[in-house]
Amino acid sequence: MYVGRKHMSAKLVAFEHTRDGPPPQNTLLFVPGLTDGLLTVPYAQSLAAAIPSSFSFVEILLSSAYSGWGTSSISQDVDEMAQCVGYFKSSRPKGKIVLMGCSTGCQDVLGYCSFEGSRPLVDGAILQAPVSDREAFEFFFKPEDYRKHNELAQQMCKEGRAEEMLPNHVSLPILGARCTARRWLSLTSPGPEHAGEDDMFSSDLDDRRFQLTFGVAGKRGVALMILYSGNDGFVPAKVDKEALVARMEKAFMDAGGKLGKRSGILPGASHTVKEEGMVRQDLHERVTHFLRSVERGEVGET
C-alpha cells in the first residue's frame with residue numbers, strides 16, 4: 001500500500017510519498033527510466049522513507065512514462081520537468097529542489113541542467129545508473145539486426161518520415177513499445193557522429209562531449225552526485241566504470257561544479273538497485289548525505 005498525495009499541473013501528474021509530521025519544505029523530484037513509471041522502481045518506496053524528514057519524495061509521471069518513450073524525447077521530458085519544478089517552487093518558495101534520475105531519467109536530469117533555454121533553477125541533481133542506451137542495446141540485439149534497424153531508421157528520416165513508427169519487430173518485442181525512427185536514432189546514436197540526444201554517457205564519447213553536458217551543468221551552479229551501479233547488467237564488460245565516472249566528474253568539477261563527497265560507484269548494485277540489505281542501505285545513506293549537504297549549502301565541503 002502506498003500512502004501519498006497526488007499533484008497535478010496542466011496535464012502532468014506527480015505522486016508525493018507522505019509521512020507523519022509537518023509537511024517538508026524541500027523536495028526530491030524523482031524521474032524514472034525507459035519503460036518505468038509511478039511506483040515501478042524497486043527502491044522508490046524505501047528511499048522515500050529513508051531521506052531526511054525535511055525533504056519529500058515526489059515521483060514525476062512524464063508523458064514518456066511506460067510505453068510513451070517511443071514517441072517522446074529528452075527535450076520534451078525536460079520541458080515537462082520544468083513545469084513540475086515551477087509548480088513546487090511556487091508551492092514551496094523557501095525550499096530546496098533536487099532532481100534524481102534513474103537510468104534514462106539521468107539523461108532527463110542532466111538535460112535539465114545543461115540544455116539551452118530558460119527553466120526554473122534546481123539546487124541539486126543525482127544520477128543513479130547513468131548508462132549508455134547505445135551500449136546497452138548491444139545486449140538486446142544481434143549486431144547484424146542492430147545495424148539493419150539503424151539503417152532503416154536513418155533512411156526513414158532522410159525521406160522525411162522521422163515521426164513514423166518503425167516496424168513492430170524492431171522495438172516492441174524487447175522494449176515493450178513501438179518507436180519512431182527519430183527516437184530510435186536518438187537512443188542508438190549511430191557513428192561516426194554519435195549525435196543522438198540520448199547519448200550522454202557512452203564510454204567512447206570524448207571529453208568535449210562531456211563538457212557540453214556535465215561541464216555546462218557545473219557552470220550553472222547545480223550540485224551533483226553520480227551513483228553508478230557496480231554490477232549494472234546493462235554496462236558492457238569492456239567499460240571501465242571507475243574511469244568513466246571519473247571523466248564525468250572531472251568535466252563537471254573543471255567547470256566549477258560542486259560534487260557530492262559520496263559520488264561514485266555503488267558497489268554490488270544492479271541497474272535499479274533491486275538488492276535489499278547493505279546495498280540498498282548504501283544508496284539510502286548516500287542520497288541522505290547529499291540532500292543534507294544541499295540543504296545546508298555544503299556540497300563539496302563535508
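## A partly exposed pair

At 37% relative accessibility, Glu164 counts as partly exposed, a term for values between buried (under 20% relative accessible area) and exposed (over 50%), computed with a 1.4 Å probe on protein chains only. Its side chain meets that of Arg161 in a salt bridge at 3.1 Å, N to O, where a salt bridge is a side-chain nitrogen of Lys or Arg within 4 Å of a carboxyl oxygen of Asp or Glu. Arg161, at 29% relative accessibility, is likewise partly exposed. The structure holds 15 salt bridges.

## Basis of the model

This is a predicted model, in which local features need pLDDT of at least 70 and side-chain atom pairs count only at pLDDT 80 or more, while totals for chains, interfaces and linings use all residues. Residues are numbered from 1 along each chain as its sequence is written, and side-chain values use heavy atoms, with hydrogens and water left out.

The side chains of Arg134 and Asp199 meet in a salt bridge of 2.8 Å, N to O. This pair links distant parts of the chain, with Arg134 in helix H4 (residues 133-136) and Asp199 in the loop between helix H7 (181-188) and helix H8 (207-219), 65 residues apart; helices are DSSP runs of H or I with at least four residues, numbered from the N terminus.

Arg134 also forms a salt bridge with Asp204, at 2.7 Å, N to O. Asp204 lies in the loop between H7 and H8, so this pair ties together parts that are 70 residues apart in sequence. Within it, Arg134 is buried at 9% relative accessibility and Asp199 is buried at 5%, whereas Asp204 is partly exposed at 46%.

Notes:
Helices (H or I, at least four residues) and strands (E, at least two) are DSSP runs, numbered from the N terminus.
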